[in-house]
Amino acid sequence: MIKKDIILKEVGKIIIPLVQIFGIYIIVNGHLSSGGGFSGGTVLASSLIIMHLIYGEAYVEKNIKKETLIKFISISLIFYAVVKGYSFLSDVYNLPHPALGPVGKIFSAGFILYLNIVLGILVASIFYIIFSIFISKEV
Amino acid sequence: MVKKMRKASAVFITLILIFVLLVGVKDLPEFGNINNPTNNILSQTYLENTVLETGSLNIVSGIILDYRALDTLMEATVLFSGLIVIMLLFKS
């Protein structure tokens, strides 16, 4: 591994939090403005990819382990399926479900906010893991 | 011999696929016709009712996470199975 420039490292310290905050903004505002789980998740994954390229794989591994990311993916997929199944059933059988709330606020729109967050986590983890597999092996 | 067989079968399968897809294209409705089945009441209904029924200002988000949520679940499952296949193929 070549030794990385100090300018690159210092710029990375500034860029990476901004990119992550922007990704979280896209995910959380998915039901108010354009965006949502998929696009916000790719922005979050790109922040992880920048981190991997600048500081190396060991740095990312120290912060977030691969096993943790795979646990995130599985739990997110199961959570999505269970919550959305409950949402469909609760419409049919009149089970209790969260109120829609005031239109235009963050905590509104029933399950959509939580589904967006779960999708964002899933997409970010999957794209980062695929990237790290492809860059570490010869394809 | 095996290589020639493989190439011939690839060409054969491709020709069959092209034929099937062209048959599908032949039966498509005419482009821009106002009586096409895509010009129905559905889009207008979504535009009017999505904010009331789902509470989501972003209508795309309201559709893909409320009306068509099973489709989004399958998209996520496709991503997940793609990851599993990549991890299997590139296992060290």
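This is a predicted model: local features need pLDDT of at least 70, side-chain atom pairs count only at pLDDT 80 or more; totals for chains, interfaces and linings use all residues.

Colleague: How many helices and strands does chain A have?

Modeller: From the N terminus on, the elements of chain A run α-α-α-α-α. The C-alpha atoms of the chain fill a box of roughly 60 × 30 × 25 Å along the principal axes. The count for chain A is therefore 5 helices and 0 strands.

Colleague: In which helix of chain A is confidence lowest?

Modeller: Chain A averages a pLDDT of 85, and 96% of its residues score at least 70. Confidence in chain A is highest in helix α1 (residues 6-28), at 90. The lowest mean, 83, belongs to helix α3 (residues 57-63) of chain A.

Colleague: What share of the residues in chain A is buried?

Modeller: A residue counts as buried if 20 or more other C-beta atoms lie within 10 Å of its own. Of the 139 residues in chain A, the buried share is 28%.

Colleague: Which element gives the most to the side of chain A that touches chain B?

Modeller: The contact takes 29 residues from chain A and 19 residues from chain B. On the side of chain A, the elements that give two or more residues are α4 (66-93) and α5 (112-136). By class, that side has 17 nonpolar, 10 polar and 2 charged residues. The element that gives the most, with 10 residues, is α5(A).

Colleague: Turning to chain B, does α1(B) lie largely buried or in the open?

Modeller: The 25 residues of α1(B) should span 36 Å at 1.5 Å a residue, and its end C-alpha atoms are 36 Å apart, which agrees. Of these residues, the number buried is 0, so α1(B) lies largely in the open.

Colleague: Is B:F31 buried or exposed?

Modeller: B:F31 lies in the loop between α1 (2-26) and α2 (42-54) of chain B. Because B:F31 has 6 C-beta neighbours inside 10 Å, it counts as exposed.

Colleague: How far apart in space are B:F31 and B:V51?

Modeller: In sequence, B:F31 and B:V51 are 20 residues apart. From C-alpha to C-alpha, their separation in space is 31 Å.

Note on methods
Residues are numbered from 1 along each chain as its sequence is written. Chains are lettered from A and ligands numbered from 1 in the order in which they are written. Two residues are in contact if their C-beta atoms, placed from the backbone, lie within 7 Å. Helices (H or I, at least four residues) and strands (E, at least two) are DSSP runs, numbered from the N terminus. Ala, Val, Leu, Ile, Met, Phe, Trp, Tyr, Cys and Pro count as nonpolar, Asp, Glu, Lys and Arg as charged, and the others, Gly among them, as polar. pLDDT is the predictor's confidence in each residue, from 0 to 100. A residue is buried if 20 or more other C-beta atoms lie within 10 Å of its own, exposed if 12 or fewer, and partly exposed in between; C-beta atoms are placed from the backbone. The expected span of a helix is 1.5 Å times one less than its number of residues.
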